[in-house]
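Please open the structure in your viewer and keep the selection tool at hand. The tour below goes from stop to stop, saying what to select next and what is there.

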Amino acid sequence: MIGYYVHHQGRGHLHRAMSICAHIREPVTVLSSLARPADWAEEWIVLPPDTVDSPVDPTAGGRLHWVPLHHAGLRERMGIIAEWIRREEPRLFVSDVSVEAATLARLMGTPVVVAAMRGDRSDEAHRLAYDFSDALLAPWPQSCPEPSWPVHWQAKALYTGSISRYDGRSRRAAPGDGSENSGREVVVMLGGGGTDLAGAQLRNAAEATPGWTWTALGGPGGNWVEDPWPVLCRADVVVTHAGQNAIAECAAARVPTVVIPQDRPHGEQHATARALRAAELATVLDAWPAPGEWPALLEDAAVRQERWELWSPGDGAQQAARLLTGLALGTPERIACGPR
């Protein structure tokens with residue numbers, strides 16, 4: 001039995017977990033504040049929310065990330081996880097991603113695997129979880145490492161390359177929007193994790209590029225699409241933030257991409273953007289361009305030589321599942337997977 005904690009922010013954690021779990025050869029119970037997906041056949045334990053407007057000492061003096069004092073939701077949430085561990089005696093607990101959930105599982109004597117995140121993870125809470133974990137899942141290629149990681153984190157990291165729900169899916173473009181002036185299409189994918197982009201910025205960019213049709217998925221004025229794959233496949237250029245899931249989906253689609261990182265805790269997206277720029281895998285910008293910059297920018301991005309296979313080998317979920325299955329069965333495969 002494997003317990004798998006899935007964070008509720010955005011949809012990237014969920015998509016990655018479902019991709020990995022599809023290949024695990026052991027029973028898996030998911031614990032999350034997210035609703036159970038319709039196609040999930042195994043146990044799914046819904047955790048109560050632990051949000052609060054005026055938290056009291058939420059970081060325990062800087063040692064953890066979110067443990068507000070006297071919060072009933074947090075107490076109930078942790079109690080449910082602890083009771084499940086006590087009852088089921090799981091062979092492994094995966095955290096994607098919560099330092100507190102990982103720490104609780106390890107305090108109860110359960111081996112832990114943590115889904116690693118890019119950015120500055122040198123704070124005490126991250127160091128605690130990364131240090132005691134039995135393995136770190138690093139969903140990026142070993143050839144694009146996090147420069148600040150200590151040697152002992154690198155030694156227990158499985159570098160899978162990006163993990164996308166679309167790995168292995170055939171490319172089939174959706175029909176266009178029927179516009180008379182269709183031209184080429186730029187798809188703006190902003191996802192469910194929040195954005196600081198204003199609707200006027202999108203409108204001004206579209207007005208400045210009359211040869212392009214702009215389609216927005218999420219964000220201001222955009223439509224939320226549960227399955228953006230056909231839209232990504234028909235795009236000539238995708239503009240997106242630097243979240244792990246968004247980049248994984250663009251990489252799986254092998255589509256020219258303009259990446260504009262958003263501000264996130266620990267500088268996660270800016271760290272991903274630096275890695276993409278260094279590997280010359282995408283057009284990376286520091287901020288949303290002025291309207292007049294977009295025509296040349298899109299032209300240059302559209303003809304960039306596609307090298308996404310370096311970031312997205314296509315078997316990341318299978319690699320992760322083999323590691324988790326091996327740890328649960330007591331027969332872990334060698335973690336190091338060599339350069340990609």
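**First stop: a strand residue**

At a relative accessibility of 31%, R184 counts as partly exposed, where buried means under 20% relative accessible area, exposed over 50% and partly exposed in between, with a 1.4 Å probe and protein chains only. R184 belongs to strand β8, residues 184-189; helices (H or I, at least four residues) and strands (E, at least two) are DSSP runs, numbered from the N terminus. If you also select H270, you have a residue 86 positions away in sequence and, C-alpha to C-alpha, 29 Å away in space.

Residues are numbered from 1 along each chain as its sequence is written. The model is predicted, with local features needing pLDDT of at least 70 and side-chain atom pairs pLDDT 80 or more, while totals for chains, interfaces and linings use all residues, and side-chain values use heavy atoms, leaving out hydrogens and water.

**Loops**

Select G10 next, in the loop between β1 (2-6) and α1; G10 is buried, at 12% relative accessibility. The C-alpha atom of G10 is separated by 15 Å from that of P49, 39 residues apart along the chain.

Are they buried or exposed? D57 is partly exposed, with a relative accessible area of 38%, whereas H70 is exposed, at 74%.

Then select D96 and V97, which are joined by a cis peptide bond with omega at about 0°. V97 is found in the loop between β4 (92-96) and α3 (99-107).

**Aromatic rings**

The structure holds 9 aromatic pairs, counted when ring centres of Phe, Tyr and Trp (its six-membered ring) lie within 6.5 Å, with planes under 30 degrees apart called stacked, over 60 edge-to-face and the rest tilted. Select W288 and W294: their ring centres are 4.9 Å apart and their planes stand at 55°, so this pair is tilted. Both W288 and W294 are buried.

Elsewhere, Y130, W140, W149, W153 and Y159 form one aromatic cluster.

Which residues lie closest to the centre of the second largest pocket? Of the 21 residues that line the pocket, these are L14, H15, M18, D39 and R165. A pocket is, on a 1 Å grid over the protein atoms alone, an open set of points with protein on both sides within 12 Å along at least five of seven lines, and lining residues have an atom within 4 Å of a point. Select α1 (12-21) and α11 (316-329), which each supply at least two residues of the lining of the second largest pocket; α1 gives the most, with 4 residues.

Technical notes. 1 Å grid on protein atoms, 1.4 Å probe; cavity = no way out; pocket = protein on both sides within 12 Å on 5 of 7 lines; lining within 4 Å.
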